[in-house]
Amino acid sequence: MGRITLDKVSKSFGEVNVIPPLDLTIEEGEFVVFVGPSGCGKSTLLRLIAGLEDVSSGQIRIDGNDATSVSPAKRGLAMVFQSYALYPHMSVRKNIAFPLRMAGLDQAEQDRRVKAAADVLNLTDYLERRPGQLSGGQRQRVAIGRAIVREPAAFLFDEPLSNLDAALRVGMRLEISELHNRLTTTMIYVTHDQVEAMTMADKIVVLQAGVIEQVGSPLELYRTPRNVFVAGFIGSPK
Ligand code: ADP
Ligand code: MG
């Protein structure tokens, strides 16, 4: 579960082509980071995979099935938003259970999944609190919990740590990597931060102006950058 392939996927907004046709394969269980400067199309690419934007052309397959026209809720993927997307008036428990309530799961199944997510994320003692009574790191974990309970084929993260302070960001990076080790679920993580990409990824996808400049492991990109852009971006002289 969690193999995602993009076949000649492109995206234009009106007359403006933001992503020329591109091919990309994300293997089951991989931690893939999309990295590139602001405005290069990282979020757009993630939103195409999530189904939050329609492709202009091409095909998206998830675990072998054509998902190009499948609604976001039915793709079996979960987007992790920044922690400020939590509902301030709801308890942690209700925030985490929210997608399950929307999907109409019965109470016992909701409770089981919330408990499992809270265990993984060390939130068991905080379930009755409201987001305002939590630290920044705990709030971010609640936002991740809301994705975990859906038991997705893949997690999609769009710069989830960008509004956290530097120390907390380092800790949360480790937590997300640890979560990936435990769940072994495909994760796609968008960032403009090279350090995040180099430390977290199994596979890095370097984007510039909607074009994939290179795909490879951190070490491959560092040792053998394909061009000056990749070399400059990853910080290895060429
Ligand atoms: P990144 O996440 O890498 O910063 P985005 O994917 O947000 O980049 O944006 C890529 C390009 O697409 C930018 O030029 C942006 O202005 C444009 N863009 C993104 N969303 C829309 C939209 N809904 N309508 C028009 N242009 C958009
Ligand atoms: Mg973005």
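This note walks through a sheet, a core and a helix pair in a predicted model.

1. **The sheet.** Start with the open sheet. Six strands make it up, in the order β6-β7-β8-β3-β9-β10. The pairing is mixed. Two strands sit at the edges: β6, residues 77-80, and β10, residues 211-216. Each of these pairs on one side only. Ignoring direction, neighbouring strands are turned against each other by 20 degrees on average.

2. **One strand pair.** Now look inside the sheet at β7 (residues 154-158) and β8 (residues 186-191). These strands run parallel, and five bridges join them. Take F155 as an example: its bridge partner in β8 is M187.

3. **The core.** The largest nonpolar core has 60 residues. Which of them touch the most other members? They are V33, F34, I49, V80, L156 and I188.

4. **A closer look at V80.** V80 belongs to the edge strand β6 (77-80).

5. **The helix pair.** Two packed helices are described by the angle between their axes and the distance between the axes. Helix α4 covers residues 136-148, and helix α5 covers residues 166-183. Their angle is about 40 degrees, and their axes lie 10 Å apart. The crossing is right-handed.

6. **Who makes the contact?** On α4, the residues are G136, G137 and Q140. On α5, they are L168, G171 and M172. By class, this contact has four polar residues, two nonpolar ones and no charged ones.

Conventions
Residues are numbered from 1 along each chain as its sequence is written. Chains are lettered from A and ligands numbered from 1 in the order in which they are written. This is a predicted model: local features need pLDDT of at least 70, side-chain atom pairs count only at pLDDT 80 or more; totals for chains, interfaces and linings use all residues. Axes are lines fitted to C-alpha atoms, for helices over the stretch in contact, and angles run from 0 to 180 degrees between N-to-C directions. Helices (H or I, at least four residues) and strands (E, at least two) are DSSP runs, numbered from the N terminus. A crossing is left-handed if the near helix is turned anticlockwise from the far one by less than a right angle, and right-handed if clockwise. Two residues are in contact if their C-beta atoms, placed from the backbone, lie within 7 Å. Ala, Val, Leu, Ile, Met, Phe, Trp, Tyr, Cys and Pro count as nonpolar, Asp, Glu, Lys and Arg as charged, and the others, Gly among them, as polar. A nonpolar core is a set of buried Ala, Val, Leu, Ile, Met, Phe, Trp, Tyr and Cys residues joined through C-beta atoms within 7 Å. A residue is buried if 20 or more other C-beta atoms lie within 10 Å of its own, exposed if 12 or fewer, and partly exposed in between; C-beta atoms are placed from the backbone. Two strands pair if DSSP finds at least two bridges between them.
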